Amino acid sequence: MSTDVVAAASATALAVRRSIHQHPELSFEEHRTARLVCEHLDRIGLPYRPGVAGTGVVATLDTGRPGPVTAFRADLDALPITEETALPFRSAVAGVMHACGHDMHTAILLGLAERLAAEADGLTGTVVFVFQPGEEANGGAQRVIDAGELSDAGVERIFALHVVPELPTGSIALRDGALTATDDEFEISVAGREAHSSQPELGVNAVSVAARIVTALDGLCATLSPFSVATLNVASVRGGDAVNVIPGAAEVRGMIRCVESADKILLRERLTTTAEAVAASMGAHAGVRIVEGFPPVVNDPDLAATVRMAAREALAPGAQLIELERPHLGSEDFAYYQQVVPGAMFMLGCGRAGAAGGGLHTGTFDPDEDALAVGLAVFSAIAHQVHGTT
């Protein structure tokens, strides 16, 4: 392969990443980001469809030779987080930041499109580039699927990556089977009885009830098998407005994360019965609402093997190909694609040795940009594994 092609694609990825990072957009509001993607696709000369699922873009590289149809996916949206870095291209949008690395993902995929377009003479079949909106809003991937973008193109497999600052730059990590967890949200509404604080006997303190519920929920995961991978965390408790009024209402919110659907069902049931029982024992009422989250990302073993072969070819000597022993308890809507076609996702290290860059979904998140070239190289090697003319 031409070193000029590799250098040009890497330069594109770096420039795109910085532009997107400086101008982040929330889910389904990625208008500028989509325009930037389209401008680069025009320059590359690849046909594309804008406005997919609202603000997404899907491009296609048809080599003109029979062969497989493979999709690569990146996500476009940012998070409602205030950036706390001192980067010269830090977010110029108040309260919005690419704190999950989607700017890196999009930049890598555009770099891949440029590189494969230049190397198309050595490829067969069709490569589809999915620039998906709204990953953080629990809806983007499903909207792309519902729009027929995979089925209309005849996509047979799909690949994706996600940057991870806990892994060093130059490394990737993956596993067969479950890679991530589900992420159901729960909301518990507590109804007590309001009263003046001088007459507590006339009221039922909803905040006190909520506190007892929180304590009771802490032990629920211990009721699962010791081999289960699951968490249940309370993240918000709200109630009361005045210091001299016993509050009649309170709210408890949090998240359940599981790998096995059976564990999720059990935790949902036990959360509901626990909250209702605690509230009733104190003369209150608890209503529970579960907001369905993403299913787990489950890697197809054959496609994971393709990623491993590509990584061994693309990674620098001495770089790590890490086999994860257990799933990561984060979540990803890439899982929806895997319910339609086989897919594989890997984690791309972006941590600097001896330097703190902040974690995902934090205002200090600062991934090592050298990871762009690594992700681009692995994606390219995957494409050549699947579409090479040999």
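The following questions and answers concern a predicted model and its local geometry.

In this predicted model, local features need pLDDT of at least 70 and side-chain atom pairs count only at pLDDT 80 or more, whereas totals for chains, interfaces and linings use all residues. Residues are numbered from 1 along each chain as its sequence is written, and side-chain values use heavy atoms, with hydrogens and water left out.

Q: How many aromatic pairs does the structure hold?
A: Rings of Phe, Tyr and Trp (its six-membered ring) pair if their centres lie within 6.5 Å; planes under 30 degrees apart count as stacked, over 60 as edge-to-face and the rest as tilted. By that definition, the number of aromatic pairs in the structure is 5.

Q: Which class of aromatic pair do Phe 72 and Phe 379 form?
A: A pair of aromatic rings is described by the distance of the centres and the angle of the planes. For Phe 72 and Phe 379 the centres are 5.0 Å apart and the planes stand at 65°, so the pair is edge-to-face.

Q: How many residues apart in sequence are the parts that the pair of Phe 72 and Phe 379 ties together?
A: Helices (H or I, at least four residues) and strands (E, at least two) are DSSP runs, numbered from the N terminus. Phe 72 belongs to strand β3 (residues 69-75) and Phe 379 to helix α10 (residues 371-387), so the parts tied together are separated in sequence by 307 residues.

Q: Are Phe 72 and Phe 379 buried or exposed?
A: Buried means under 20% relative accessible area, exposed over 50%, and partly exposed in between (1.4 Å probe, protein chains only). Phe 72 has a relative accessibility of 0%, and Phe 379 has 1%. Phe 72 is therefore classed as buried, and Phe 379 likewise counts as buried.

Q: Which residues form one aromatic cluster?
A: The cluster includes Phe 72 and Phe 379. Its complete membership is Phe 72, Phe 159, Phe 346 and Phe 379.

Q: Which elements are included in what covers the buried residues of α1?
A: Among the buried residues of α1 are Val 5, Ala 9, Val 16 and His 21. Their cover includes α2 (31-44), α3 (102-118) and α10.

Q: How many of the 17 residues of α10 are buried?
A: Helix α10 reaches 24 Å from its first C-alpha to its last, close to the 24 Å expected at 1.5 Å a residue. It is largely enclosed by the rest of the structure, because the number of its 17 residues that are buried is 14.

Q: With which side chain does the side chain of His 21 make a polar contact?
A: His 21 lies in helix α1 and is buried, at a relative accessible area of 0%. A polar contact is a pair of N or O atoms within 3.5 Å; within protein, one must be able to donate a hydrogen and the other to accept it, and residues adjacent in sequence count only if both atoms are side-chain atoms. At 2.8 Å, the partner side chain is that of Asp 103.

Q: With which side chain does the side chain of Glu 332 make a polar contact?
A: Glu 332 is located in the loop between β15 (321-323) and α9 (334-338), and at 2% relative accessibility it counts as buried. Contact means heavy atoms within 4.5 Å; not counting residues up to four places away in sequence, Glu 332 touches residues including Asp 75, Glu 135 and His 162. Its polar contact, at 3.0 Å, is with the side chain of Arg 73.

Q: Which residue lies over the face of Phe 28?
A: Phe 28 occupies the loop between α1 and α2 and is partly exposed at 21% relative accessibility. A charge sits over a ring if NZ of Lys or CZ of Arg is within 6 Å of the ring centre and within 35 degrees of the ring normal. At 3.9 Å from the ring centre, the residue over the face of Phe 28 is Arg 143.

Q: How many disulfides does the count come to?
A: A disulfide is a pair of cysteine sulfur atoms within 2.5 Å. The sulfur of Cys 100 has its closest cysteine sulfur in Cys 350, 10 Å away, which is too far for a bond. The count of disulfides comes to 0.

Notes:
The expected span of a helix is 1.5 Å times one less than its number of residues.
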